[in-house]
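Dear colleague,

Please find below the structure that I am handing over to you. My notes on what was found in it follow directly after.

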Amino acid sequence: MDSVRKLIRDIPDFPKKGIIFKDITPVLGDPTTMAAITGAFEKEIEGFKPQRIVGIEARGFIFGAVLAHQMKLPFSPIRKPGKLPYQTVKIGYKLEYGEGTLEMHTDGVLKGERVVVIDDLLATGGTAKAACDLVEKLGGKVAGIAFVVELGFLGGRKLLEGRKVIALTKY
Ligand code: AMP
């Protein structure tokens with residue numbers, strides 16, 4: 001995953017002071033690296049026997065939908081509040097400062113279904129944990145969680161303890 005590291009762009013102080021934002025948009029512009037990412041994801045998660053891919057808004061949609069297409073699996077979105085038109089389940093979670101909410105359609109996961117959750121980046125783990133809790137609220141089983149990037153120094157894996165977590169590149 002050297003090409004991923006080379007393409008990711010550090011943007012200091014975005015969206016606020018003190019945060020170094022890992023900009024993955026150059027990765028999206030490189031089809032060879034995108035194919036390497038989805039290939040690596042598929043290899044890592046096929047053992048989890050997923051029946052559905054769930055992607056977290058917004059960059060999790062990009063990697064998740066491409067992976068779902070490649071693996072011929074259904075895809076469901078987890079979104080920020082007020083965006084999904086049908087009946088939803090919601091979950092509140094803690095952000096670094098303040099609170100966030102995530103939503104999913106009530107038919108976004110079937111009971112007993114094995115789900116892999118995808119996002120671009122694992123930071124403190126709050127977002128991914130909330131996504132897993134939503135899947136479980138609907139009766140799904142979280143078979144694994146996969147990220148393109150992990151900011152290991154933030155210790156997000158602790159919040160996801162007991163779950164199968166994959167990250168293709170670590171900082
Ligand atoms: P967290 O809940 O702290 O693990 O944050 C993960 C979510 O916030 C992911 O959806 C990321 O896209 C985004 N995020 C958090 N920190 C960064 C960062 N330094 N660079 C890019 N995205 C980030």
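Arginine 52 counts as buried in this predicted model, because its relative accessibility is 10%. Its salt-bridge partner is glutamate 113, with the closest N and O atoms 2.7 Å apart. The two residues are 61 residues apart and link distant parts of the chain: arginine 52 belongs to strand S3 (residues 52–56), while glutamate 113 sits in the loop between strand S6 (99–105) and strand S7 (114–122). Glutamate 113 is likewise buried, at a relative accessible area of 9%.

In total, the structure holds 11 salt bridges. Another of them joins aspartate 133 and arginine 163, whose closest N and O atoms are 3.9 Å apart. Aspartate 133 is part of helix H5 (residues 126–137) and arginine 163 of the loop between strand S8 (141–150) and strand S9 (165–170), so this pair ties together parts that are 30 residues apart in sequence. Aspartate 133 is partly exposed at 22% relative accessibility, and arginine 163 is partly exposed at 24%. Both residues belong to a network of salt bridges that also includes Lys129 and Glu136.

I would also draw your attention to helix H3 (residues 31–45). Buried residues in H3 include Met34, Ile37, Phe41 and Ile45. Viewed down the helix axis, the buried residues of H3 fall within an arc of 160°, so they line one face. The face turned away from that buried side carries the exposed residues Pro31, Thr32 and Lys43.

With kind regards

Note on methods
Residues numbered from 1 in each chain as written. Predicted model: local features only at pLDDT ≥ 70, side-chain atom pairs only at ≥ 80, totals over all residues. Heavy atoms only, no water. Buried < 20%, exposed > 50% of the residue type's maximum accessible area, 1.4 Å probe, protein only. Helix = DSSP H or I, 4+ residues; strand = E, 2+ residues; numbered from the N terminus. Arc of directions from axis to C-beta. Salt bridge = Lys/Arg side-chain N within 4 Å of Asp/Glu carboxyl O.
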